[in-house]
Amino acid sequence: MSRLSDLLAQVERSDPALAADLRSEVKALSERRQFGLNFERHQPEAVELPGRPVRRGDKVRALPPRGSTSRGDSRIWLVLRVAGEVATLALDEERTEVPVADLVVVAEYRDPIYPGLRSTGRVERGAADDPFHTVINAENFHALEALLYTHEGKVDAIYIDPPYNTGAKDWKYNNDYVDGDDDYRHSKWLAFMERRLKLAQRLLNPDNSVLIVTIDEKEYLRLGLLLQQTFPEGRITMVSSSINSAGATRKGSFARAAEYLYFVMLGTSRPAPLPLEGEWNAVKTDNKLDIYWSRLIRSGADSARHDSPNQFYPIFIGQGADGPEFYGVGDAHFGDRGDLEVPRGEVAIWPLRRDGSEGRWRISAQALRSLISEGHVRIGAWRAEATTIYYLKQGESAKVAGGDFAVTGRRSDGSVITDASNYVARFVPTDIWRITSHDAGNSGSRLIDRLLGGRKFPFPKSLYAVEDALRFFVSDKPNAVVLDFFSGSGTTVHAVMRLNKQDGGRRQCISVTNNEVSADEQKKLREQGLRPGDPEWERWGICDYITKPRIRAAITGRTPDGDPIKGDYKFTDEFPMSDGFTANAEFFTLTYEAPRTIAHHKSFEAIAPLLWLKAGATGRRIDRATDTFEVADTYGVLFSVDAAGDFLAELVDHEGARMAFIVTDDERAFQMVCADLPDHVEPVRLYESYLASFTMGTQA
């Protein structure tokens, strides 16, 4: 605006009246309300990190006394020093001393973090070279920041089921549950979602990927606008899906039976036609019986001769010994059709509409000649000049060329005779889904009950609903990376494992959830004198009590008590749940490291899982530093550039290696190693790349 003010000042010297008018218009523009979604973005957001050691320079909160259910001191203090078991804190001019045991470290979202991962267990039933599904116990904003280092621009699909903001304490903002009577409830939810969606945008492959978000009517309008503003380059479709055929009764309103799915498609992403049957409603049964021949004459809008004069031409046919035959296709005719001389024994077929007026063909004369030679044009029942001509549109023609419809012979006109006995129709359904398998009760709550031996989780998604939504976008991507950063009970990774079983795929799922304890359970635990971070508290959290046991049970086929899971999977792939899956999974907790220890090569074990994830989460992981180098299945780490020769010699013949992490502070040494790396190996400098990624800040 300063430049504009200078220009107005120049105008004012020569034409004060014009300058006044321009100032008035500028003022009106500056006061105009932005079109689209408007909400408060300055709401503070921070997360408590129970269990994280208190260090000098940390931000902390003082916890309420054990046994208390009060919220306690919500202010954020700065740690000046830690002496023994006591920390000295500062807030503006105020100073105080508090026992370290009564403090919890706080990370604000404007602060850079330096994440690590600590393994908390794994399940291995897949092959040694099968990729691992990973589950990260973390605040999802910080987990997304960590994943930007490992997967920026590499994720093929994101499926999320965020909190619906019902007002029934179903989510927290700034470490406090959001109630239905909070005047800023919607604004907080939008700020919360926008921060995460901006990071998700950077994780998605811009050339071909999809974001799928489920929501109900409380926020679907705002979410739709937020998605449009966050993904202006995306193509957005909303699907209505029945998840409860009986409907959930709501006082004074209609019973709720549906939820909504937003599909944000980036680049060339689009739903793939699939062989869907049964309740999927857009099936055309006539396509299942035989190939579909379309009328060559155009109908509807723009179907008159003058709409496309080049597509008004004669087709010459006649009766041969075995039936009607094509004799030729004339060029575009611009005069009176009565002036055309028709060869003896032939009939000229013109594109005449039912009312006798002149129309036009759907394709050019040249294109028609090509299709006739391929046998993809057919003469209908003989009626002389009124005979109808049919042809195969591009999709149907491709079915013949691709072998979906086997060619068993040809008619007298040269058109193909096809066999449809082995054909399965593939299609993209409508945007209204009413599918029995998507019922959240039978395929969600009851399924978890079987897997976990009676443990409960509120409002889980139907396993088959998630599976179906993903299938449209990853059916042709057997190595897809799928992310869910509101993973809850772990339905998405379960769905990905089913998809892999159905077609032998090697898709990976990264699931992010926290270890939050429900509001009702928290009150009971606090009354018992427990706090977040205590083992007796953490065992009831979502990740430890539901997510990890559910994924372990799905893979092994056994409940947490060791009993075989009862019942069968249904629908697309039916088999006993006790069979489990041939899959690998590892569980992690996000840690918060000090940048100085990273830079001084003292925290390699903390960031080792991130390097493994960055290289594909496949095979052996390099967990400890050595004096020289280490090479695993998909990557290697050069700890000393003095060993570069042997390191490079080992990588040359290692076809499975994708990345080489080179530990050095010397840019010239790094470039020298890079110059001799095989073309299929991507170099990454440690710890410069890691520190730069987070020091510069990844906050959306």
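The following is a conversation about how some features of this predicted model get their names.

Colleague: What does the protein chain contain in terms of secondary structure?

Modeller: The protein chain comes to 19 helices and 32 strands. Its C-alpha atoms fill a box of roughly 110 × 85 × 70 Å along the principal axes. Of its 700 residues, 50% are buried.

Colleague: What makes Arg 531 and Asp 102 a salt bridge?

Modeller: The cut-off is a Lys or Arg side-chain nitrogen within 4 Å of a carboxyl oxygen of Asp or Glu. For Arg 531 and Asp 102 the closest N and O atoms are 3.0 Å apart, so the pair is called a salt bridge.

Colleague: Where in the chain do Arg 531 and Asp 102 lie?

Modeller: They are 429 residues apart and link distant parts of the chain. Arg 531 is in the loop between α12 and α13, and Asp 102 is in the loop between β5 and β6.

Colleague: Why is Arg 531 called buried, and Asp 102 partly exposed?

Modeller: Buried means under 20% relative accessible area, and exposed means over 50%. Arg 531 has 6%, so Arg 531 counts as buried. Asp 102 has 26%, which lies in between, so Asp 102 is partly exposed.

Colleague: How do you know that Glu 605 and Arg 624 form a salt bridge?

Modeller: Their N to O distance is 3.7 Å. Glu 605 sits in helix α16, while Arg 624 is 19 residues away in the loop between α16 and β29.

Colleague: Is Arg 624 buried or exposed?

Modeller: Arg 624 has a relative accessible area of 57%. That is over 50%, so Arg 624 is exposed.

Colleague: Which residues are linked in a network of salt bridges?

Modeller: Arg 122, Glu 124, Glu 586, Arg 621 and Asp 623 are linked in this way. Within this group, the side chains of Arg 621 and Glu 586 meet at 2.9 Å, N to O. Arg 621 lies in the loop between α16 and β29, and Glu 586 lies in strand β28, 35 residues apart. Both Arg 621 and Glu 586 are buried. The structure as a whole holds 40 salt bridges.

Colleague: How many disulfides does the structure hold?

Modeller: The count is zero. Take Cys 543 as an example: the closest cysteine sulfur, in Cys 509, is 13 Å from its own. A disulfide needs two sulfur atoms within 2.5 Å, so Cys 543 is too far from Cys 509 for a bond.

Colleague: What is the relative accessible area of Cys 543, and of Cys 674?

Modeller: Cys 543 has 1%, and Cys 674 has 18%. Each value is under 20%, so Cys 543 and Cys 674 are called buried.

Colleague: Where is there a kink in α14?

Modeller: Helix α14 has a kink of about 25°, centred on Pro 549. Pro 549 is also one of the buried residues of α14; Cys 543, Ile 546 and Ile 551 are among the others. Just after α14, Gly 557 takes a positive phi of about 80°.

Colleague: Why is one side of β15 and of β19 left without a neighbour in the sheet?

Modeller: Three strands form an open sheet in the order β15-β20-β19, with antiparallel pairing. β15 and β19 stand at the edges with a single partner strand each, so one side of each has no neighbour in the sheet.

Colleague: How do you know that β15 pairs with β20?

Modeller: At least two bridges are required. Two bridges join β15 to β20, so the two strands count as paired. In this pairing, Ser 294 has Tyr 391 in β20 as its bridge partner.

Colleague: What do β21 and β22 form?

Modeller: They form a hairpin with five residues between them, and Gly 414 in the turn has a positive phi of about 90°. The two strands pair in the antiparallel sense over four bridges. In β22, Val 416 is the bridge partner of Arg 410.

Terms used
Residues are numbered from 1 along each chain as its sequence is written. Side-chain values use heavy atoms; hydrogens and water are left out. Buried means under 20% relative accessible area, exposed over 50%, partly exposed in between (1.4 Å probe, protein chains only). The bend at a residue is the angle between axes fitted to the seven residues ending there and the seven starting there.
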